[in-house]
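Here is a set of questions and answers on one structure. Please keep the sequence and the coordinates open while reading.

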Amino acid sequence: MNTTLAATLTSTGEAVQFWILGAVAVIGALCTILMKKAVHSALCLAGTMIVLAVFYLANGAYFLGVVQIIVYTGAIMMLFLFVVMLVGVTAADSLKETLKGQRWLAAGCGLGFGVLLIAGIGHASLSTFNGLGAANTAHGGNVEGLARLIFTRYVFAFEITGALLITATVGAMVLTHRERTERARTQRELAEQRVREGKQLPPLPAPGVYARHNAVDIAGLLPDGTPSELTVSKTLRERGQIRDVSSEALNDLKALEQRSEERLGRDEEAVK
């Protein structure tokens, strides 16, 4: 009887864990949609996913908890975060509505999902629950029990899901693939086109040349000390992330010229 009660009732520690981590998960989910910067939203979503993984592990669903951390949080979410940081999406980009009415549609879908969730919770039994202990014990563990269900009772649904994922992957590749409709131009033809258009013919100079720096955000300097715009990326220039050290180089050049004049003057006086 004690074992049955322990498997169907919530302990004080589990209740405290649920209310604390549940609050953290809800706050993270709200910050995901309320943050102005895409990087901050991605980090909040990653925190919510980690809390969900803790819930899975606490309830005995060890396989889902590990998959939640390794696959979703560790692989997919970090890939999203890396792409967002690499591309540099700003808050101004998120305010541009490319599809008319998408905000109202998203609000309607969210409201409908909330109604379905509340209805499902309302029809569920909130006093007791079965738990995963009995299910895990019946098949020798959580992973074994999940594998038995997937490859026996739900094998058809599992195969259909795999086929849909493969179809979606192939469809994305087909949509992004472009067939070449004309002959590829040779290097000579490309060089002749650059000459006719008056573009930069030699390789672009490296950043930081004559600037005593080798950082990519410092423009290289021409022999007269003025910065060259060809040495830095256009993306950094549009973001305003370029450091100007031309004044330092000009000051060093003036000091060098002054020292040279002084040395030449002393040499002339010594000759006399």
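Buried means under 20% relative accessible area, exposed over 50% and partly exposed in between, with a 1.4 Å probe and protein chains only. This is a predicted model, in which local features need pLDDT of at least 70, side-chain atom pairs count only at pLDDT 80 or more, and totals for chains, interfaces and linings use all residues. Residues are numbered from 1 along each chain as its sequence is written, and side-chain values use heavy atoms, leaving out hydrogens and water.

Q: How many helices and strands does the protein have?
A: Helices (H or I, at least four residues) and strands (E, at least two) are DSSP runs, numbered from the N terminus. From that end, the elements run α-α-α-α-α-α-α-α-α-α-α-α. The count is 12 helices and zero strands.

Q: What percentage of the residues of the protein count as buried?
A: The protein exposes about 21,500 Å², by the Shrake-Rupley method with a 1.4 Å probe. Carbon and sulfur atoms supply 66% of that area. Of the 272 residues, the buried share is 15%.

Q: Which residues is Ser 41 in contact with, leaving aside its neighbours within four places in sequence?
A: Contact means heavy atoms within 4.5 Å. Ser 41 lies in helix H3. Its partners beyond those neighbours are Cys 31, Thr 32 and Met 35.

Q: How far apart are the end C-alpha atoms of helix H2?
A: Helix H2 takes in residues 12–34, which is 23 residues. The expected span of a helix is 1.5 Å times one less than its number of residues. For H2 that gives 33 Å, and the end C-alpha atoms agree, at 33 Å.

Q: What is the reach of H3 from its first C-alpha to its last?
A: H3 has 21 residues. At 1.5 Å a residue, 30 Å is expected. The model comes close to that, with a reach of 31 Å.

Q: Which helix is included in what covers the buried residues of H2?
A: The buried residues in H2 are Gly 22, Ala 25, Gly 28 and Thr 32. H2 residues that meet the partner helix include Gly 22, Ala 25, Gly 28 and Thr 32. The covering helix is H3.

Q: Are H2 and H3 roughly parallel or roughly antiparallel to each other?
A: Axes are lines fitted to C-alpha atoms, for helices over the stretch in contact, and angles run from 0 to 180 degrees between N-to-C directions. The axes of H2 and H3 come within 8 Å and cross at roughly 155°. Angles under 35 degrees count as roughly parallel, over 145 as roughly antiparallel, 65 to 115 as roughly perpendicular and the rest as oblique. H2 and H3 are therefore roughly antiparallel.

Q: Is Thr 73 buried or exposed?
A: Thr 73 lies in helix H4. Beyond four places in sequence, Thr 73 touches Ala 46, Met 49, Ile 50, Gln 68 and Met 78. Its relative accessibility is 7%, so Thr 73 counts as buried.
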